[in-house]
Structures are given as C-alpha cells and as structure tokens.
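These are my notebook entries on one model.

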Amino acid sequence: LLPAIASYYNVSIDDLLGVGKIEKEKKLNEYYDKDAELFRAGKTSERVDLWREAKKEFPNDLSVLNNLMYALDLTDEKEYADEIIEYGERILTESTDNSLRGGAIQCLSFTYYFAKGDAESAKKYARMAYSYAITANQMMPRFLEGNDAVELCQTNIQTLVEMIWGNTC
C-alpha cells in the first residue's frame, strides 16, 4: 500500500515515512553549523556562497532564504538590496513563522532605508514589527528625524524603565 499512498499524495515513500524530513533536518543542521563557523571567522562572502548552495538544494525552504537574506545584508546591503527585498517579501507572503517574518520585516526596513534611501517603505515595514526584540519603536528612531526621533526615543526609554520596574516587583 505504501507506493499507492505515496503516489496519491505525490510524495516519495521516504517522505511519507518521515525519512526525507529527517535527512533534510540533518543536512540543514550541517549548513547552520558551517554558517556559525564562517560567521565567527568573519567570512561573510563565504556565508553567502554557503546559503546559495543550500538554496539550490532546498529552494522552497524559507529558513534557507532567511539565512541567505541576512548573509547578503551583512556582505553588501546596497549591492544585494533587490535580492534581499525579494527574499523578504517571499518570506512575508509564504511564512507563518513569526521569527522568520520578524526577521524579514527588520531586514526589509533596514534595506529600504539604508540601501534604497526609502524612509517611507522603511517605516511601513517597521510598523509591521511585533516582537519584543524587533519592534516598530526599536527601529523607527533610525528612520525619523528631529523632534519625532527624540520623542520616540524618550518614549522608548520611559517604556523600558517601566518594564524594568515592573519586572523587579
């Protein structure tokens, strides 16, 4: 029955039994380990090559696209801006993983602002942020100017003081 079931769902028997998933996770972990090694060594262009290789092997894995997006960003945000934006948009469109989406939002905000000089698009994405570490309030001061930036920074400081106070009681 296994071949018939696999054929019905258009998957391999290995995938049906979860073997394909185990092998994929093993291979992805090898990429993550190599990436960490390259990151510690400051080898940014090699990280791009690594994640491009992973993308060829796993073209529909959004975590691979996320890692490639960040590697490109650290290499040369201006040179790779369009590619970074393409991957970030794809992650936002296809992913339900809040961590991936938050990273894409952050990368898109910074890329639009620093690489494209487009503060309005940067603000649009910054407003989409939702996690504690990647929030609109954390990113917006970088895109605002004058009193708007000062006022938001003051609000952020007050909020952080209140959060610290609230966590000590």
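The entries below follow that order.

**Entry 1, conventions.** I am working from a predicted model, in which local features need pLDDT of at least 70, side-chain atom pairs count only at pLDDT 80 or more, and totals for chains, interfaces and linings use all residues. Residues are numbered from 1 along each chain as its sequence is written, and side-chain values use heavy atoms, with hydrogens and water left out.

I looked up the largest nonpolar core, which has 39 residues. I take such a core as a set of buried Ala, Val, Leu, Ile, Met, Phe, Trp, Tyr and Cys residues joined through side-chain atoms within 4.5 Å; buried means under 20% relative accessible area, with a 1.4 Å probe and protein chains only. Trp51, Met69, Leu72, Ile91, Met139, Met140 and Phe143 touch the most other members. Among the elements that give two or more residues to this core are H3 (19-40), H4 (44-57), H7 (98-115) and H8 (119-126). Helices are DSSP runs (H or I, at least four residues), numbered from the N terminus.

I then listed the contacts (heavy atoms within 4.5 Å) of Phe143. Beyond its neighbours within four places in sequence, Phe143 meets Ser109, Phe110, Tyr113, Phe114, Ala122, Lys123 and Ala126.

I find H7 and H8 packed at about 165°, their axes 7 Å apart. Axes are lines fitted to C-alpha atoms over the helix stretch in contact, and angles run from 0 to 180 degrees between N-to-C directions. The pair is therefore roughly antiparallel, a label for angles over 145 degrees. Ile105, Leu108, Ser109, Tyr112 and Tyr113 of H7 meet Ala119, Ser121, Ala122, Tyr125 and Ala126 of H8. Ala, Val, Leu, Ile, Met, Phe, Trp, Tyr, Cys and Pro count as nonpolar, Asp, Glu, Lys and Arg as charged, and the others, Gly among them, as polar.

Lys27, Tyr31, Tyr32, Lys34, Asp35, Leu38 and Phe39 in H3 meet Glu46, Arg47, Leu50, Trp51, Glu53, Ala54 and Glu57 in H4. This contact has seven nonpolar, no polar and seven charged residues.

Is leucine 108 buried or exposed? Leu108, in helix H7, is buried, with a relative accessible area of 0%. Not counting residues up to four places away in sequence, Leu108 touches Ile84, Ile85, Gly88, Glu89, Leu92 and Tyr125. Leu108 and Gly88 are 20 residues apart in sequence and 6.2 Å apart in space, C-alpha to C-alpha.

Key. Buried < 20%, exposed > 50% of the residue type's maximum accessible area, 1.4 Å probe, protein only. Parallel < 35°, antiparallel > 145°, perpendicular 65-115°, else oblique.
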